[in-house]
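Visitor: I am new to this structure. Would you kindly guide me through it?

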Amino acid sequence: MNNTAYNTTLIIITLIMWLLLPACSILLPVEEATYVEEKYSINVKDISATANAVTTNGTPLLSWTGNRNIATFDLQICDDDDVSGPLLVDAAGLTSNSYQITTPLSEYGRYGWRVRARTKNGELSKWYLFHFSYLETQTFDSFEIHDGNFSTLHDWTLSEYNHGNTCPYIQDTRAYDGEYAVALPAGSTMETQLRVTRDTMLLFYLQKTSSIETLALTIDNENYNRVSIKNALESWTPFWCVLKEGTHTVRWRNTNNHYQEDVVFIDAIQTQAMPDFSNAFEEWDDSVGTINSITRSGDEGPYIDPLEACAGSYSVIIGGEAPTGNSIFEAQVTIHHDSYCSFYYRKNNTTNFGADLYFRINGGQKLYTWSPVPEWTEVRYVLPAGEHTLEWEHDKYYDETERAWIDDITVMEIPDFSNAFEEWDNTVGTINSIARSGSAEPYIDPFETYAGSYSVIFGEEASTGDSIFQTQVTMASDGIISFRYKRTNTNTGALLYFRIDGVQELSTWNPEPEWVEVSYPLPAGEHTLEWEHDKYYDYNERAWIDDITAMSTP
């Protein structure tokens, strides 16, 4: 055979074999198909559920998407989450990316279904798992807005967010109130249009089984979260935000991007009227001082919080829901007698520099803190008789989740200064007079004592300056005077002196967190006793004197 004939025969044989290869492939058994996770242009990871996350139809239509290189799909449906039990549907070789269930589902509940793809070359993808809920009714009991007097609910929109595995669905085995709760799987979102006719509190209850995913609540097109929850919540926990008068788009979103089966549960979504702001002073004693007016200003809020309180039923949440800006409330008060004004506060920021909290009396700063204060903390300041402006301000500069709370704002009349000598023995010496002076007069303190019911506190009001009290005494015989003192400062911010007839007996700048006793001879006759606290830069410095006594010497 010459070369030309040989080459012609070889070409013919090659063509015949090339034409027969597809037929041979068709004869290959399905079980021998190659399993691939991903290969060249198969891109099977684009398969996703697109409909019927929640249905009242007993024969729902299931649909998905797939790459154009996919030839057929396999589908399985089961009445458990992971499709591990008996199959209700086991369909192979589907040429469409949808499947109509024809035999009505016999039970209400949640169903699992999964799809895998087969390429034209017989390669298989992995199974992709989805879910849907079949309910008797889709009225969304957990979504009912309870106060219809000033709020109107429009349709709910349930969808995937960031390519999640499934849409939100109704959960009939877990609820805070009623029969159903809403489950938001990882990467899903739900939203509604809500119209309110006045400033309104939008309240809902939340349960999270994992600390991985985040529940984010946004209003309208704001680029920040009104509520952002990262911690796991084993029990149902209430959260709320403010809706201003008007129509709003409210959106809940599970922002987990890991495509895990962790789910956020939401229930008892409702609107409530905002409590009146006068509740900020529900513990105030009107017999001690009168609230003349209350005003609010700033970029956002503040508001009354009915869910977080140290005492009573309410607190003031200050810090608003905006990512930055200030939030202020003021009270004009008239104090009838020298009094203490006290309140509790706490701050939730964890960044240390996310926001500042201030308290001012007549424009003078009394409290400033940027640190987190997770527990309720009490502070107390003197309000002399007269009119005053009390101001609380929260200044937020980048932490959108930062909040602060103020509660238990109270006033109490300061006890008479004669109580400084409640332990004094008048048979040993006579108290002739008591005088107070200095930049900030000392006061009687009923909260910090060593003995009896009262002590004397120095340095309560001024950031710098002196605080003095004197007494003229007459000793019946030679004796000893003794007292106890303590100081708060941890540096050289202030000095404490004690003098007898102008002669210095005590001078100390050391911090003394515990009560220290001192005593000095006091001969028979008249004497001037003087205590002085001189503060020169430590605003927080305080000193106390207590248990002032005298005894005769043999």
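Guide: This is a predicted model, in which local features need pLDDT of at least 70, side-chain atom pairs count only at pLDDT 80 or more, and totals for chains, interfaces and linings use all residues. Residues are numbered from 1 along each chain as its sequence is written, and side-chain values use heavy atoms, with hydrogens and water left out.

Visitor: Is Y397 buried, partly exposed or exposed?

Guide: Buried means under 20% relative accessible area, exposed over 50%, and partly exposed in between (1.4 Å probe, protein chains only). The relative accessibility of Y397 is 34%, so Y397 counts as partly exposed.

Visitor: Is R484 buried or exposed?

Guide: R484 lies in strand β32 (residues 479–487). Its relative accessible area is 15%, and therefore R484 is buried.

Visitor: Which side chain forms a polar contact with that of R484?

Guide: A polar contact is a pair of N or O atoms within 3.5 Å; within protein, one must be able to donate a hydrogen and the other to accept it, and residues adjacent in sequence count only if both atoms are side-chain atoms. At 3.3 Å, the partner of the R484 side chain is that of E517.

Visitor: What share of the residues in the chain is buried?

Guide: The chain contains 1 helix and 37 strands. Of its 554 residues, the buried share is 48%.

Terms used: Helices (H or I, at least four residues) and strands (E, at least two) are DSSP runs, numbered from the N terminus.
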